Amino acid sequence: MNDILPGAVARWQQIERTARELFALYGYREVRTPVVEPYALFARGVGEATDIVNKEMYVFEDKGEEKLALRPEGTAGTVRAYIEHGAHVDGPQKWFYIGPMFRRERPQKGRYRQFHQIGVESFGVAEPAMDVEQVAMLDDLFRRLGVVPALELNSVGDAVCRPAYLAELREYLARNAAGLCDDCRDRTGKNPLRVLDCKVEGCQPILASAPRLVDRLCEGCRGHFEAVEKGLDDLGVKYRLNPRLVRGLDYYVRTAFEFTSDALGSQSAVAGGGRYDGLVETLGGPPTPGIGFALGEERLALILEASGRPAPEDRPEVFFVTVDDAGRREALRRAAELRRAGIPCDLDARGGKAKAQFKQAERVGARYAVVLGQSEAESGQAKLKDMQSREEALLDLSGLAARLRPSPRG
Ligand code: AMP
C-alpha cells in the first residue's frame, strides 16, 4: 500500500480530470460507494472460485455482525447500490467511480495491495452499440492522455454456448494435464477458462491448440460479437482478436476486452472490462443487462511516465521576494489580488535573505519573481523577473494580474 506524495499527485489529477471531462461527454455520472461491503456480496457477485475472493480479499468480522470485506473491485458494490436505490426505474443508467481497491497480492511493479481504479458501468442496455460506445470511450481516454495501449477483444459466450464449451475445454485440459503447470491442473476443475490465461512458458503449446470459444459461439453471441467488431471498425478503433482473453471474474458474458501496454512489464493490463448481463439479477435486482470496465490508475501513471510526457505541474506564476516588513505586507496584499484573479502565486512567509527566497522561487518552479520592499510599496512599481531568461521588466503592481492573465486567444 503506497503513499502518493504531492509530486506524483499532479499526474493522478491529470488522469482523473481527463476521465471526468470525457465521461461527462458520454453521459456517465459519478457514484461513490463504501470501500467496505458484506463479504457475501463479493462471494456471490465476483465468485467464490476466483482468486480475488478466495485468496486475495481482506475479510474481517465486525463484532458479531456479518462478515465484511474491503472491496477488491468496484462492480459488485456499484451493482448493490444500483439495486438498493431502485435506480432501474429511471431507465438505462451510465455510472462511473474512482477509488481505492484492495487485494492481498504479491506486490511488484504495477501490482499493489491498495490500488486505484477508475471504472464505469452501464446498466439496462443489452445491445452491442453500448459495448462499442464504451470501448471507444476508453480508447478516447487514452488518446486524450497521449498514450496508445493495444486493445484485445474476445467473446466469452453466454449460458447458451459456454457450458458445452467448458465441458469440451475441461476434457481437453484433462487429457493434456501432464504438460500443464500445477495451477492449470488445479484450475481445470474449478475455473477452466482461467487456464487459458496462464502465462507459464511450458503450458503455452497446449493452450495454443486448445478449443476456442469464438469458434463455438451460439447464434446470439456470434451476432453480438460481429456487431461489436463492425461498430469498432466504423469508429476507427483498432483491436486484435484474442481468443484466449478471459476475465478473472465469473460474471462476464459475451464481450470481454483488455487494454495492454509494453511499458508495464509482466503486469501488462492497464484496463479490462466486459459485459455482465446476469449480475444484477444474481445480486437480487431485476433482470438488467450491464457492461463495464475498470482502469488501473497506478498502471496508467506508469505508462504516462514511460512515454516521457511531462506531468502538468502546479507551479506558481509569481513568487514574491520580500526584503522588509513593508515589502511583506505589500506581497500579501498583491498575492491576495492575484489569487482572486485565479493566478497561482506564493511567497516565503518567513522572509529572510533575498538570496534564499530566490532559491525557494526556483525550487517551486515559479515563472516570475517580484522583489518587494518599502520603496516598491511606496512607488507601486516593481521589477518582474523572468526566472528562466533572467530578463527584468519594470511594471505597475496594479497591472500585475492583467499582465499575467493568459490572453483569451492564447
Ligand atoms: P481487474 O479488476 O482485475 O480486471 O483489473 C482492472 C485493472 O485494474 C487492471 O487492468 C489493472 O490496471 C488494475 N489492477 C488490478 N489489480 C491491480 C493491482 N493489484 N495493483 C495495481 N493495479 C491493479
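Tutor: Let's start with a definition: the radius of gyration is taken over C-alpha atoms, and the globule rule is 2.2 Å times the number of residues to the power 0.38. Keep in mind that this is a predicted model.

Student: Thanks! What radius of gyration does the protein have?

Tutor: For a compact globule of 410 residues, the rule gives a value near 22 Å. The C-alpha atoms here fill a box of roughly 90 × 55 × 50 Å along the principal axes. The radius of gyration of the protein is 27 Å.

Student: How many helices and strands does the protein have, and what percentage of its residues count as buried?

Tutor: The protein has 16 helices and 16 strands. Burial is judged by relative accessible area, with under 20% as the cut-off. Of the 410 residues, the share that counts as buried is 52%.

Student: Now the helices: is α1 roughly parallel or roughly perpendicular to α12?

Tutor: Two packed helices are described by the angle and the distance between their axes. The axes of α1 (residues 6–25) and α12 (residues 297–306) come within 10 Å and cross at roughly 110 degrees. Angles of 65 to 115 degrees fall in one class, so α1 is roughly perpendicular to α12.

Student: Which residues of α12 meet α1?

Tutor: On the α1 side, the residues are Arg 11, Trp 12, Gln 14, Ile 15 and Glu 16. The residues of this contact divide into five nonpolar, one polar and five charged. Leu 300 is in contact with Ile 15, and also with residues including Phe 142 and Val 270. The α12 residues are Glu 297, Glu 298, Leu 300, Ala 301, Leu 304 and Glu 305.

Student: Last one: is Ala 178 buried or exposed?

Tutor: Ala 178 is found in the loop between α6 (162–175) and α7 (182–190). From Arg 44, Ala 178 is 134 residues away in sequence and 33 Å away in space, C-alpha to C-alpha. The cut-off for exposure is over 50%. Because its relative accessibility is 78%, Ala 178 counts as exposed.

Technical notes. Residues are numbered from 1 along each chain as its sequence is written. This is a predicted model: local features need pLDDT of at least 70, side-chain atom pairs count only at pLDDT 80 or more; totals for chains, interfaces and linings use all residues. Side-chain values use heavy atoms; hydrogens and water are left out. Axes are lines fitted to C-alpha atoms, for helices over the stretch in contact, and angles run from 0 to 180 degrees between N-to-C directions. Helices (H or I, at least four residues) and strands (E, at least two) are DSSP runs, numbered from the N terminus. Angles under 35 degrees count as roughly parallel, over 145 as roughly antiparallel, 65 to 115 as roughly perpendicular and the rest as oblique. Contact means heavy atoms within 4.5 Å. Ala, Val, Leu, Ile, Met, Phe, Trp, Tyr, Cys and Pro count as nonpolar, Asp, Glu, Lys and Arg as charged, and the others, Gly among them, as polar. Buried means under 20% relative accessible area, exposed over 50%, partly exposed in between (1.4 Å probe, protein chains only). Lists of a residue's contacts leave out its neighbours within four places in sequence.
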